[in-house]
Amino acid sequence: MENKNQTGCRNFLLLGFTEDSDLQSFLFGLLLSMYLITIIGNLLIILAIISDHHLHMPMYFFLSNLSLADIGFTSTTIPKTLLNIHTHSKFISFTDCITQIFFFIVFGCLDNLLLTVMAYDRFVAICHPLHYVIIMNSCFCGMLALGSWLISVMSSLPETLTVLRLSFCMNMEIPHFFCDLPEVLKLSCSDTLVNNIIVYSITIVIAGFPFSGILLSYYQIFSSILRIPSAGGKYKAFSTCGSHLLVVFLFYSNGLGVYLSSAATSSSRMNLIASLMYTVVTPMLNPFIYSLRNKDMQKALGKLLRKMMLLGEGTIAGPP
């Protein structure tokens, strides 16, 4: 019984990136900058879509949900990391760790499902344009978005709740900057067979099937684009799904990078870098990807920024 964790000792130790104080200061500034860019960029996307009636379409409705999911995904891990660096503390309570695991899985699953829904939206728009308005009606789109949220929560619950039954050894050090579920399971003194079965089963269903759906959708999309006779028509059709395709590539390539880095090497540094790309860099880049090549989004963002500037000038000037 000596190797098991006592009831009162319920803190994990997040080892983070480095012990070097100078490097920690640099990391704090870097992570804070990336986090603020992620929050502001995705918030602007959401506000632009809400404020511009020209963007009240299924594609942008799902994009606003994706931006909200990206905010949640990044906010699950980075604020605690910044707090630990600032306070020179590495502790995270058991309750906070479980909460972090739950929301990390929720928003990770949600990103995955929303990307699948967006691929289906592009499939209907390009392969069945005459029926697009009928198929992708507001009620159906709402059900797809709500279903994605509910499935994400229901997928996270079994993985998270089964951790509560585990006992943990005296070594509570997690070689990561957040409570990564596989790393937490490694610290358990209990049998984690049930946990691993649940994790792998849910991963296959929530990641494997949606990814297959994305591949199938784009197979149909590319087949339809190749049948368009004019080069201009092909470019126009492809441009409507180019941004989504790039986001899908970033999301799954970085996710695969996390898995391969943990499976192929025992280096915690490589795992940290891969996880940072997955949890921070991809959500930060998504607003730029969807706005730089999208003229409608650029116009909406321009209008929104002008309104905000006018509102700010009016606030500063005060009442006459």
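The dialogue below treats disulfides, salt bridges and a surface patch in turn.

Author: This is a predicted model, in which local features need pLDDT of at least 70 and side-chain atom pairs count only at pLDDT 80 or more, while totals for chains, interfaces and linings use all residues. Residues are numbered from 1 along each chain as its sequence is written, and side-chain values use heavy atoms, with hydrogens and water left out.

Reader: How many disulfides does a search of the whole structure find?

Author: A disulfide is a pair of cysteine sulfur atoms within 2.5 Å. The search of the whole structure finds 1 disulfide. Cys97 and Cys179 form it, with their sulfur atoms 2.1 Å apart. Cys97 lies in helix H4 (residues 94-127) and Cys179 in the loop between strand S3 (173-174) and helix H7 (181-186), so the pair ties together parts that are 82 residues apart in sequence. Helices (H or I, at least four residues) and strands (E, at least two) are DSSP runs, numbered from the N terminus.

Reader: Are Cys97 and Cys179 buried or exposed?

Author: Buried means under 20% relative accessible area, exposed over 50%, and partly exposed in between, with a 1.4 Å probe and protein chains only. Both Cys97 and Cys179 are buried.

Reader: Which residues form salt bridges?

Author: A salt bridge is a side-chain nitrogen of Lys or Arg within 4 Å of a carboxyl oxygen of Asp or Glu. The whole structure holds 2 salt bridges. Arg122 pairs with Asp121, their closest N and O atoms being 2.9 Å apart, and both residues are buried. Glu183 pairs with Lys186, with closest N and O atoms 3.6 Å apart. These two residues lie in helix H7, 3 residues apart, about one turn of the helix. Glu183 is buried at 10% relative accessible area, whereas Lys186 is exposed at 59%.

Reader: Which residues make the nonpolar surface patch?

Author: Patches are made of residues with over 30% relative accessible area and no salt bridge; like charges are joined within 9 Å, and nonpolar side chains (Val, Leu, Ile, Met, Phe, Trp, Tyr) within 5 Å. Accessible areas come from the Shrake-Rupley method with a 1.4 Å probe; for residues, only the protein chains shown count as cover. Ile37, Leu285, Phe288 and Leu292 make a nonpolar patch of about 350 Å². Helix H10 (residues 268-292) gives the largest share, 3 residues. Leu292, in helix H10, is exposed, with a relative accessible area of 60%.
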